[in-house]
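Let's take a friendly walk through a protein model. Have the sequence and the 3D view ready, and look up each residue as it comes along.

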Amino acid sequence: MKMRGITPVCLSWMGRGQAMALAGWLMAIGLPASAPGQVTVELKLKSSELLLCENITASISIENKSKEPFIVARDVKDLPELEFVFQRETSREVRRINPASMLKNIYILPGKTEKMEFDLTRWYDLQSMGQYLVKATLEWNGKVYESNQGVMEIVRGMEINSVAKPLAGEGDLVLKYQLRYWRRNRVEHLFLVVDREDGKMNYGAFDLGPLIRVSPPATEADETGNVKVVHQSTPNCYTHS
């Protein structure tokens, strides 16, 4: 896996007390109710358990229940607007980092549904660990429609090992390649996390798939930015990344 050119950019099992605290938090949020009728919006998160700096994929389905087409195009006035609304246990606001419209070139006939995916890390500052509640809101024809609510948790993961390597032709730049693991859908997964050694930038966290921690994973990196990882993914199989 070659790391050059990568752009910088988990609901855990809860005990009874944590679940009760979360339930109280949900009741206290007080987000505005969605408008009935013309449109329904459905949100699905690819995973509720995410490593810090990993891409966060959200799928949105928009069903047009009105009698007119749902259109997003440059020449259309009063364009529909899609936003994601985040709530945290802390008061810290989740800042939007990309002001561009999230919807482009969409035409949904009455009675039809359109599905689309978004990497939320391209649009919002999600660089803090912790638990998040998220909803999608769609504004159309003067009304706001809300999706169902998703829950996700961003964690650091458990470090297995790390390798640091200077990058040729980049002065004093040294990249650190860390292997971490975390449970996802009840299965432990291995992740490769790439940072500058001085901590000034992260280049992403990458899911390398299921992990069996019998034989320790091996990491090799060279001065051109190439990195290779070998890990045991099943009792009789090793995965090369």
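This report goes through strands, a hairpin, nonpolar cores, cysteines and salt bridges. Keep in mind that the model is predicted.

## A sheet of three strands

Let's begin with an open sheet, in which three strands follow the order S1-S3-S7 and pair in the antiparallel sense. Strand S1 (39-45) and strand S7 (113-119) are at the edges; each has a single partner strand, so one side of each has no neighbour in the sheet. From one strand to the next, the twist averages 20°.

You can trace the pairing of S1 with strand S3 (residues 57-64) in your view: seven bridges join these antiparallel strands.

## A hairpin and its loop

Next, find S8 and S9, which run antiparallel and are joined by four bridges. Across this pairing, Leu 138 stands opposite Tyr 145 in S9. The hairpin has two residues between its strands, and Asn 141 there takes a positive phi near 55°.

Gly 142 is also in the loop, between strand S8 (130-140) and strand S9 (143-146). Is Gly 142 buried or exposed? Its relative accessibility is 73%, and because the cut-off for exposed is over 50%, Gly 142 counts as exposed. Pro 80 is 62 residues away from Gly 142 along the chain, yet their C-alpha atoms are separated by 9.2 Å.

## Nonpolar cores

Which residues touch the most other members of the largest nonpolar core? They are Phe 70, Phe 84, Phe 86, Phe 118 and Leu 126, in a core of 34 residues. Several strands each supply at least two residues of this core, among them S1, S3, strand S5 (81-88) and S7. S8 gives the most, with five residues. Another core, of 15 residues, lies apart from this one, and its members include Leu 167, Leu 173, Leu 190 and Val 194.

Beyond its neighbours within four places in sequence, its contacts include Ile 56, Ile 60, Phe 84, Met 102 and Trp 123.

## Cysteines

How many disulfides does the structure hold? The count is zero.

## Salt bridges

Side chains of opposite charge can pair when their charged atoms come close. A search of the whole structure finds seven salt bridges. In one of them, Arg 184 pairs with Asp 207, and the closest N and O atoms are 3.1 Å apart. This pair links distant parts of the chain, since Arg 184 belongs to strand S12 (residues 174-184) and Asp 207 to strand S14 (residues 202-210), 23 residues apart. Arg 184 is buried at 8% relative accessibility, whereas Asp 207 is partly exposed at 34%. Together with Glu 54, these two residues form a network of salt bridges.

Glu 188 and Arg 213 also meet in a salt bridge, at 2.8 Å from N to O. Glu 188 is in strand S13 (residues 187-196) and Arg 213 is in the loop between S14 and strand S15 (218-221), so the pair ties together parts that are 25 residues apart in sequence. Here Glu 188 is buried, at 17%, and Arg 213 is partly exposed, at 48%. A further pair is Asp 198 with Arg 196, at 2.7 Å from N to O.

Methods
Residues numbered from 1 in each chain as written. Predicted model: local features only at pLDDT ≥ 70, side-chain atom pairs only at ≥ 80, totals over all residues. Heavy atoms only, no water. Buried < 20%, exposed > 50% of the residue type's maximum accessible area, 1.4 Å probe, protein only. Pairing = 2+ DSSP bridges. Axes fitted to C-alpha atoms, helices over the stretch in contact; angles between N-to-C directions. Disulfide = S-S within 2.5 Å. Core = buried A, V, L, I, M, F, W, Y, C linked by side-chain atoms within 4.5 Å. Contact = heavy atoms within 4.5 Å. Salt bridge = Lys/Arg side-chain N within 4 Å of Asp/Glu carboxyl O.
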